[in-house]
Amino acid sequence: IAFDDVEVEVWDKAMAYLEPGGFGYPTFDDILKILPVYDEYQFPDGIRMCDSVIAKLLALDETIHIGNCHDPERYTPLVKMTYVLNLPQSKNLAVKWAADSLQSFVDDHTEETIRDLLPLVENEEEVLLTLVKTVKGRHCRGMTVDEMRNYAKKQSFPQECIMRSNQIKEVNAVLKQMSVAGIYTTFVFESTGGIPLSGEFETRCRDQGYGTKSHMNEVGAMRNVWVLKRGGSYNNDDDDSRIIILEAMDAFGNVWEIYAIPIQASDEEGDADDGHVADDDNDDDDGGGEQRQVLFRWDGGYSSLFPPKVGWNSIEGESPAPSFTYTFDNPSKNYR
């Protein structure tokens, strides 16, 4: 009997693994060769054996030496094969590996590995949001899961992910050289009855409690947001029920916004001092949200890693646009 589509060495090895007292558990590299044979010629015992070993590999079973389990070029073919063959023990683990890898190690991937893994995570909303946000920044607010899924199917999407990820790494290298101690501003928001919204904007790092999906925000100009501190003239209003937030809309600071969002009812007990906001419009879903009210927007046609000092446009009527002065931890550091 001749099997023209299978090398003799591969066939012999596939059969040897099925013999009692044979080779034992197949190795990582052998699975990639023999599993297609078991599937093509319907060897259920061989498929179950490979499925069991793959499940241990992807579950980081300490009894099996697997080397660097976060190596996309090595693991993606195995994960993709597991998913395509719908292996019962390891398919869900393959999806989890793909999700973790794309979410945490996207800059280690190639265009090919990203393209191979995207079908595995097409129903993983958090992963899609992370990837789309890498490319589009906070402009992805309000996108549905279907819209994000279709956006990720663009032929150029893997390339854009890698390009943006590398650019963000360069931006972060610059940001490590600088830190903002405080930002002070004075401006008037007419819809509050002309009450000046004056005071210090306090820096809130995304990975220090503001927002729950910090892994999506620890990049470039999106690393920080600035919240109007309690105690400014804004907070003297008897009808105070919102906080004012200043943030970049993408990792490169191409667009900035100042907006108001409601404080949770539980804020009366002090939660708002921690930067918590109404559930309808926090970063858990990154949606636009009817309760998010943009007051001012900056789109100066260039990138600004920190809030721009001038050039803001009012979104609400004729309110005067804000201007900023800065205090830096290291005054010898300058920026544009």
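What share of the contacts in the protein between residues at least 6 apart in sequence join residues at least 24 apart? The share is 60%. Keep in mind that this is a predicted model.

## The overall picture

The protein comes with nine helices and eight strands. Of its 336 residues, buried ones make up 46%.

The largest nonpolar core holds 47 residues. Which of them touch the most other members? They are Ile 31, Leu 35, Tyr 38, Val 121, Leu 131 and Phe 157. Helix H3, running over residues 44-58, gives this core its largest share, seven residues. Apart from this core lies another one, made up of 26 residues, including Val 171, Leu 175, Ile 183 and Leu 295. As a bit of background, nonpolar side chains in soluble globular proteins tend to be buried together.

Setting aside its neighbours within four places in sequence, Phe 157 is in contact with Leu 118, Leu 131, Val 132, Val 135, Tyr 151 and Ala 152. Phe 157 and Leu 131 are both on the list of core residues that touch the most other members.

## Where H7 meets H9

Helix H7 (residues 125-136) packs against helix H9 (residues 157-175) at an angle of about 65 degrees, and their axes are 8 Å apart. That angle makes H7 roughly perpendicular to H9, since the roughly perpendicular range is 65 to 115 degrees. The crossing of these two helices is left-handed.

On the H7 side, the contact is made by Leu 131, Val 132, Thr 134 and Val 135. H9 brings Phe 157, Glu 160, Cys 161, Arg 164, Ser 165 and Ile 168. Sorted by class, the residues of this contact come out as six nonpolar, two polar and two charged.

## Where H3 meets H4

H3 turns up again here, this time packing with H4 at an angle of about 130 degrees, with the axes 12 Å apart. The two helices are therefore oblique to each other. Their crossing is left-handed.

Ile 54, Leu 57 and Leu 58 of H3 make this contact with Tyr 75, Leu 78, Val 79 and Thr 82 of H4. The class count for H3 with H4 is six nonpolar, one polar and no charged residues.

Still in helix H4, have a look at Met 81. Is Met 81 buried or exposed? Met 81 counts as buried because its relative accessibility is 17%, and buried means under 20%.

Met 81 and Leu 32 sit 49 residues apart in sequence, yet their C-alpha atoms are 8.3 Å apart in space. Leaving out neighbours within four places in sequence, the contacts of Met 81 are Leu 32, Leu 35 and Pro 36. Leu 35 is also one of the residues that touch the most other members of the 47-residue core.

## Two loop residues with positive phi

Gln 42 is not a glycine, but has a positive phi of about 55 degrees. You'll find Gln 42 in the loop between helix H2 (28-40) and H3. With 55% relative accessibility, Gln 42 counts as exposed.

Asn 86 is a residue other than glycine with a positive phi, near 55 degrees. Where is Asn 86? Look in the loop between helix H4 (72-84) and helix H5 (91-104). Asn 86 has 48% relative accessibility, so it counts as partly exposed.

Terms used. Residues numbered from 1 in each chain as written. Predicted model: local features only at pLDDT ≥ 70, side-chain atom pairs only at ≥ 80, totals over all residues. Heavy atoms only, no water. Axes fitted to C-alpha atoms, helices over the stretch in contact; angles between N-to-C directions. Helix = DSSP H or I, 4+ residues; strand = E, 2+ residues; numbered from the N terminus. Parallel < 35°, antiparallel > 145°, perpendicular 65-115°, else oblique. Left-handed = near helix turned anticlockwise from the far one by under 90°. Contact = heavy atoms within 4.5 Å. Nonpolar A, V, L, I, M, F, W, Y, C, P; charged D, E, K, R; others polar. Core = buried A, V, L, I, M, F, W, Y, C linked by side-chain atoms within 4.5 Å. Buried < 20%, exposed > 50% of the residue type's maximum accessible area, 1.4 Å probe, protein only.
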